[in-house]
Amino acid sequence: MPAGQYSTFAFHTVDRAFLLWPQATASGHAATVEQLAGRVERIVYLSYLNASEDSTFTFARDHWATEQHIRKTGLRHTFLRDAMYADFAPLLVGADGVIRGPAGDGAFTPVAQDD
């Protein structure tokens, strides 16, 4: 499915839903979360490390907003906050061999997508 497009799903016998999106866009996530409210007992959401309202990394702010939306539903929830995927690390390496990314002086703790 192209980025930014979401499907409508029928949840008849699901008691838990695992949510992950290849792109973090809180406004797009809200509709799916609303569909799940009252239909599932728990949402497990793949968020992002150090997700917060004032994060310097845009995706972390978007993930935080989605977490807040899930909290407001009153559903039981689990937020998994993994780090940047190791698969993307080569894209952060400059011609000088230095890795640059949205972490400032932070540590780089990549995780494999397969994990």
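The legends below describe close-up views of one predicted protein model. Residues are numbered from 1 along each chain as its sequence is written, and side-chain values use heavy atoms, with hydrogens and water left out. Because the model is predicted, local features need pLDDT of at least 70 and side-chain atom pairs count only at pLDDT 80 or more, while totals for chains, interfaces and linings use all residues.

View 1. Helices (H or I, at least four residues) and strands (E, at least two) are DSSP runs, numbered from the N terminus. Along the sequence, these elements follow the pattern β-α-β-α-β. The chain has 115 residues, of which 30% count as buried. Buried means under 20% relative accessible area, exposed means over 50%, and partly exposed lies in between (1.4 Å probe, protein chains only). The chain exposes about 7600 Å², and carbon and sulfur atoms supply 53% of this area. Accessible areas come from the Shrake-Rupley method with a 1.4 Å probe; for residues, only the protein chains shown count as cover. Of the contacts with a separation of 6 or more, 64% are between residues 24 or more positions apart. A contact means heavy atoms within 4.5 Å.

**View 2. Three strands form an open, parallel sheet in the order β1-β2-β3.** Strands β1 (16-19) and β3 (76-80) each have a single partner strand, so one side of each is left without a neighbour in the sheet. From one strand to the next, the twist averages 15 degrees. Two strands pair if DSSP finds at least two bridges between them; β1 and β2 (residues 42-46) are joined by four. Leu-19 has Tyr-45 as its bridge partner in β2, and Arg-16 stands opposite Arg-42 in β2. Helix α2 (residues 58-73) lies across β2 and β3 and runs at about 175 degrees to β2. For such values, axes are lines fitted to C-alpha atoms, for helices over the stretch in contact, and angles run from 0 to 180 degrees between N-to-C directions.

**View 3. Side chains alternate along β1.** Thr-32 is part of helix α1 (residues 26-36). With a relative accessible area of 7%, Thr-32 is buried.

**View 4. Asp-15 and Arg-16 meet in a salt bridge.** A salt bridge is a side-chain nitrogen of Lys or Arg within 4 Å of a carboxyl oxygen of Asp or Glu. Here the N to O distance is 3.4 Å. Asp-15 is partly exposed, at 32% relative accessible area, and Arg-16 is exposed, at 53%. The whole structure holds three salt bridges.

**View 5. Salt bridges that share partners join Glu-67, Arg-71 and Arg-81 into one network.** Glu-67 meets Arg-71 at 3.7 Å, N to O. These two residues are four apart in helix α2, and therefore separated by about one helical turn. Arg-81 meets Glu-67 at 2.6 Å, N to O. This second pair links distant parts of the chain, with Arg-81 in the segment after β3 and Glu-67 in helix α2, 14 residues apart. Glu-67 is buried, at 0% relative accessibility. Arg-71 is partly exposed at 39%, and Arg-81 is partly exposed at 37%.

**View 6. Phe-18, Leu-20 and Leu-80 make a nonpolar surface patch of about 280 Å².** Patches are made of residues with over 30% relative accessible area and no salt bridge: like charges are joined within 9 Å, and nonpolar side chains (Val, Leu, Ile, Met, Phe, Trp, Tyr) within 5 Å. Leu-80 belongs to strand β3 and is partly exposed, with a relative accessible area of 36%.

**View 7. Asp-82 and Asn-50 are 8.9 Å apart in space, C-alpha to C-alpha.** In sequence they are 32 residues apart. Asn-50 lies in the loop between β2 and α2 and is exposed, at 57% relative accessible area. Although Asn-50 is not a glycine, its phi is positive, at about 60 degrees. Asp-82 is found in the segment after β3 and is buried, at 18%. Asp-82 touches Leu-46, Ser-47, Tyr-48, Leu-49 and Val-111, not counting residues up to four places away in sequence.
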